[in-house]
Amino acid sequence: MLPELKFGYVGAGAYLPDKVLTNDDLATIVDTDDEWIRRRTGIRERRILAEGESILDMAVGAARAAIADADIDASEITDIRVGVNTWARFPSLATQVQAALGLEGCSAADVSAGCAGFVYAVEEAYNKLYVERIRDHRAGTALIVGVDGLSHITNWQDRSTCVLLGDGAGAVVMREVDSGGILAIRTSAEGRHGQLLYCESALEAQWDPSGPGPFNHATQGVRPYLHMDGRKVYGVAVKTMVEEACGVIDIFNRDNPSPIGVEDIGFVYPHQANLRIIEKVAARLEIPLDRVYTNGIECFGNTSTASIPIGYVDPAARERAAVAGDYEIDVAFGSGFASGAILRQVGSTPTS
Ligand code: UT7
């Protein structure tokens, strides 16, 4: 029998660019209007990286805020996992966060799983903390960041996608706790639906098949963009997030003498892709909307892998979020139809 160890968040932080892009601003770029965007998506405005402000700036800003919130010294971090889809270069963003924090030697890697990247990154970090604790008797500390600069891959001529997206980052510090913490995690994917939501690589976008060889960049300047069949993605998003949320409760109940149900969930942090999707998921789960995070989609748009950890420190969620001892669920869905959910209990206290 494996020892019962608990790992949970001991600090959280976020970084949102100052630059605001309103629906009225977008109406000056494409054929759209504030009424359509609000009614179909719930989005009022989003934040966009300013010139000279980078994805790394956002990741480091969120990381620093989470470290301060955890009240730890950055040197205690043993593992950095960054969920990101828009870095598109190497070295990895996680290693650059490590360098910016002045850390040396700790493990650092990116996780690419669409908008579910944060959930996947938490799962990887959790598993690593668990294994190292048992195998090496080492009590580690993980820094997990979810960050995306979707404005870098937005086609500002495509009204069906450009109105949805925003930039941002969120982060948590995770370590062993005495009570609460993460109770179950699950992740899955359906890559066969990849063509419904994708972004080609910079190299592919510049690929000219009539050119002389595989490294021909004759069409340089063509940018890789996000493409989405919104209507098809919408249906799968609702179904998948409901399945993930119920599935993670089932995993917990499998080994638990006192099983819980959806009615026991105090608060849900769903990926913020569209207010209508969130409302449908809540309705199918029969969880009242006042126990569901929605402010992210209204104020920041779809920030991809950042949308859940931004919620952890959003005052609008904190006012309504569950209290110590309550159960919370994070549930995400995105490109590659990668999805996942985390069941947590509030009230983590670091193990001294
Ligand atoms: O984070 C990853 C996961 N992403 C998602 O889960 C997103 C899922 N999809 C969605 O959120 C929604 O499908 C959208 C918000 C993308 C679109 O909403 P919809 O209600 O599915 O609209 P639609 O695509 O069916 O388009 C309805 C109409 C069309 O016009 P016609 O053909 O009926 O004349 C579109 O051309 O709305 C038109 N339209 C717009 N009109 C004004 C599409 N975009 C816009 C726009 N402004 N920005």
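**Exercise 1. Aromatic pairs**

Task: State how many aromatic pairs the structure holds, then classify the pair of Phe7 and Tyr126.

Solution. The structure, a predicted model, holds 10 aromatic pairs. Take Phe7 and Tyr126. Their ring centres lie 5.6 Å apart, and their planes stand at 80 degrees. Pairing requires centres within 6.5 Å, and planes over 60 degrees apart count as edge-to-face. The pair of Phe7 and Tyr126 is therefore edge-to-face. Now place the partners. Phe7 belongs to strand S1 (residues 7–15) and Tyr126 to helix H5 (residues 117–135).

**Exercise 2. Helices H3 and H4**

Task: Describe how H3 packs against H4 and sort the residues of their contact by type.

Solution. Start with the geometry. Helix H3 spans residues 55–70, and helix H4 spans residues 93–100. Their axes are 10 Å apart, at an angle of about 60 degrees. That angle makes H3 oblique to H4. The crossing is right-handed. Next, list the contact. H3 contributes Ile55, Leu56, Ala59, Val60, Ala63 and Arg64. H4 contributes Leu93, Gln96, Val97 and Ala100. Sorted by type, the contact of H3 with H4 has eight nonpolar residues, one polar and one charged.

**Exercise 3. Helices H8 and H9**

Solution. H8 passes H9 in a right-handed crossing. On the H8 side, the contact uses Tyr234, Ala237, Val238, Met241, Val242, Ala245 and Cys246. On the H9 side stand Arg276, Ile277, Lys280, Val281, Arg284 and Leu285. The tally for H8 with H9 is 10 nonpolar, no polar and three charged.

**Exercise 4. Backbone exceptions**

Task: Locate the cis peptide bond from Phe90 to Pro91 and the positive phi of His137.

Solution. Recall the background: most residues other than glycine have a negative phi, and most peptide bonds are trans. From Phe90 to Pro91 the bond is cis, with omega near 5 degrees. Pro91 sits in the loop between strand S4 (79–83) and H4. His137 has phi near 55 degrees, a positive value in a residue other than glycine. Its loop runs between H5 and strand S6 (141–149).

**Exercise 5. Confidence**

Task: Summarise the pLDDT of the chain and examine residues 212–220.

Solution. The chain's average pLDDT is 92, and 92% of the residues score at least 70. Over residues 212–220, pLDDT stays under 50. For that stretch the model has 15 contacts beyond four places in sequence.

Notes
Residues numbered from 1 in each chain as written. Predicted model: local features only at pLDDT ≥ 70, side-chain atom pairs only at ≥ 80, totals over all residues. Heavy atoms only, no water. pLDDT = per-residue confidence, 0-100. Contact = heavy atoms within 4.5 Å. Axes fitted to C-alpha atoms, helices over the stretch in contact; angles between N-to-C directions. Helix = DSSP H or I, 4+ residues; strand = E, 2+ residues; numbered from the N terminus. Parallel < 35°, antiparallel > 145°, perpendicular 65-115°, else oblique. Left-handed = near helix turned anticlockwise from the far one by under 90°. Nonpolar A, V, L, I, M, F, W, Y, C, P; charged D, E, K, R; others polar. Phe/Tyr/Trp six-rings, centres within 6.5 Å; stacked < 30°, edge-to-face > 60°.
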